[in-house]
Amino acid sequence: MSSVVVEARAVRKAFGRTEALRGTSLAVDEGEVVAITGPSGSGKSTLLLCLAGVLRPEAGEIWYAGRKLDDLSESDRTRLRRREFGLVLQFGQLVPELSGAQNVALPLLLEKHDRGAANTLAHSWLERLDALEVADALPGEMSGGEAQRVAIARALVTGPRVIFADEPTGALDTVSGERVLGALMTTARESGATVVLVTHDNRVAASADREVVIRDGAVCPAPVIR
Amino acid sequence: MIRLAVTLNRAGGWPRMALLGSCTALVCTLLLLVVSLARLPESPDELLFNLVADHGTRGGTAFAMGLLTLPPLLLLYQAVRLGTAARDRRLAALRLAGATPGEVRRLGAFEVGIPALAGSLGGIALYWLLRQVLGGTPVEQSFEGNGFVATPELKLVPTSVAPLWWDVLVVVIGTTLVGVVVGARASRGVIVTPLGVSRRQASAPPRPWGLLLLLGAVALLPVAITFAADSPLAPIGLIAVAVLGVISLAPWAAYRAGRFAETRTASPAVLLAARRLVAEPRPAGRAAAAVGAIALIAGGGTALVAILVATENTDSFYVVSLALAASALLLALLVATGSLAVHSVESLLDRKRSVASLAAMGMPLDVLESAQRWEARLVAMPMATAGVLLGSITLGALGGDLAPVSLSILAAGVVATLGLVWLAISVAVRVTRPWAVRAASAGNLRTE
């Protein structure tokens, strides 16, 4: 029997006078891959960042594994994101001054891992994601696809329970996009992680277990189940 | 064109304009003070503190005032760089709107030139104010003796003479031009096109040319000691060469410190700081350069105190002069703290998307702030240590066999200087916390 791992209940979030989410609800089961789609400005990324505990909603509740995220202090939410969640954004958002391996090792160093062990683990993840050749390269020297694969390695290196990906292939060409998506899905399914991803791309959405369409800050009533 | 530059300045924010203006005001005031000292006759007809009244020490005092312009000039450079990314985007938008490359360059110059000119004019007012507060007192009767009149009061600004109108004009135009040139240099390597801004490839790592100047200063030491009694020019030249050496060595020191730390640390904060220094050693080096120069002078001052104690010289002239020098150094350190703070803000503004991403993936704000502190410490602390040791040991050696008490004073001075630099860095990063919070905000994850 599946169990809900992360859930938004009647969430509202506004940026100034623009209401991004208007009472949005969404429940994601353990091990499920959910694609959130919808037009630009519909509130997809806002919902993802609320679910990931990055943004605090003004109203409604966010639950993760039986814990209400809204009740946690900022420090606890930060620790939770570091230990339980992996985050992949559209442009990778790697630290530009760190090499590929150093970027991947960073979450481990934050968890007080030994430098050598963190480095070894980072290299093994880069190898798994076919990005070992950019281990010593700076993000500015990588292609978009390479940077995204490094970002995925960084998101997965701590063994997260949930991976949140915001347009992970949005800035890539078709071939690079497919490679990145393949790497993300394969590694996530191998590790049994739950994936919530935001996308404009129908092919990306088609690779998910379920597609949720958001329009004007609310989930459309008929979800697509594959 | 000027109206448009004013509009762009408003877009850049008043705090940046105020900072630019304050720096040029301080530089202009100091230069007017130097000019007024130069205009003072050998035996002034007014009561002034010995350092100014005595023709023999006046040159050194004027030189020290000239040296004091370095921290605000370095702060000016940091202030100009503040918000460079936003400024470049504004200029690119102007190119798209039809401005020619020449017009964009002129606008960039005006954008810094206007607050610099306003600051320079403010500097005249500040000079006039100092003249009222610290001005010499005219004497009604002639004094016996051969030369100067001494007063224990802190009368440091001549009132019997004033800079001529063209002195003022040269200082104001010169200070404003410095601002404009610094503004132009800050945009060096940036190519503004209607489609956006691109930067040329980063240049090669900095080289330790400053070491040559420092070695030159050490080699000149015996010459300076020999001729010190006849002319103040020799020690002044020595100090100038040493200070220039420390300042030009700073970017190299930043790069080496980064390289050293990145391979040895398991701390994410130190790793981030070290890699930032390796990637961009020049801005961090320039921010810390003043700290190294201040530590060098502080080391020399500490050595002089140790020598005075060793020789049991308690002449009030020396005591007050050293207290004045210490106050000037503290003021300079305050300005250098501002420089470090502005660099910290610049670093956060330039990296806000990466900072927001780190915060989103679970890096606590404390670690991000710690990285800011380490970015300053990794450069400023070695620079300060080298500076204070060089200053205290070279000048301390002149004191011959210093008694244990004097050696303790020397050691205390070194420790106090390093402690103050450490504190200055902590304060500089602490005041930038609001920018750190803003940089870590999830809003910066959005694409533009």
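Among contacts in chain A between residues at least 6 apart in sequence, what percentage join residues at least 24 apart? In this predicted model, the share is 71%. Chain A holds 7 helices and 11 strands, and its radius of gyration of 17 Å is close to the 17 Å that the globule rule gives for 226 residues, so chain A is as compact as a globular protein of that length. Chain B is assigned two domains, domain 1 (1-201) and domain 2 (212-448). The points below take up chain A, its contact with chain B, and then chain B itself.

**Overall form of chain A**

- The C-alpha trace of chain A spans about 45 × 40 × 40 Å along its principal axes.
- Of the 226 residues in chain A, 53% count as buried.

- β6(A) pairs in the parallel sense with strand β7 (residues 162-166) of chain A, over 4 bridges.

**Positive phi values in loops of chain A**

- Lys112(A), although not a glycine, has a positive phi of about 65 degrees.
- The loop that contains Lys112(A) lies between α3 and α4 (115-128) of chain A.
- Lys112(A) counts as exposed because it has 10 C-beta neighbours inside 10 Å.
- Asp216(A), also a residue other than glycine, has a positive phi near 50 degrees.
- Asp216(A) belongs to the loop between β9 (210-215) and β10 (218-219) of chain A.
- With 14 other C-beta atoms within 10 Å, Asp216(A) is partly exposed.

**Contact between chains A and B**

- The contact draws 23 residues from chain A and 20 residues from chain B.
- On the side of chain A that touches chain B, α2 (74-84) and α3 (100-110) of chain A each supply at least two residues.
- That side of chain A comprises 12 nonpolar, 5 polar and 6 charged residues.

**Contact between the domains of chain B**

- In chain B, 22 residues of domain 1 are in contact with 25 residues of domain 2.
- The side of domain 1 that touches domain 2 receives at least two residues from each of α3, α4 (55-67) and α5 (70-81) of chain B.
- α5(B) gives the most to this side of domain 1, with 9 residues.
- By class, the residues of this side of domain 1 of chain B divide into 15 nonpolar, 6 polar and 1 charged.

- Leu51(B) is located in helix α3 (residues 50-53) of chain B.
- Leu51(B) counts as buried because it has 21 C-beta neighbours inside 10 Å, where the threshold for a buried residue is 20 or more.
- Leaving aside residues up to four places away in sequence, Leu51(B) touches Thr57(B), Thr61(B) and Ser321(B).
- A separation of 11 Å lies between the C-alpha atoms of Leu51(B) and Ala64(B), which are 13 residues apart along the chain.
- Gly102(B) is located in helix α7 (residues 101-134) of chain B.
- Gly102(B) has 8 C-beta neighbours inside 10 Å and therefore counts as exposed.
- The C-alpha atoms of Gly102(B) and Arg353(B) are separated by 32 Å, and these residues are 251 residues apart along the chain.

Key. Residues numbered from 1 in each chain as written. Chains lettered and ligands numbered in written order. Predicted model: local features only at pLDDT ≥ 70, side-chain atom pairs only at ≥ 80, totals over all residues. Contact = placed C-beta atoms within 7 Å. Nonpolar A, V, L, I, M, F, W, Y, C, P; charged D, E, K, R; others polar. Buried ≥ 20, exposed ≤ 12 C-beta atoms within 10 Å, placed from the backbone. Rg over C-alpha atoms; globule rule 2.2 N^0.38 Å. Domains from an automatic or database assignment. Pairing = 2+ DSSP bridges.
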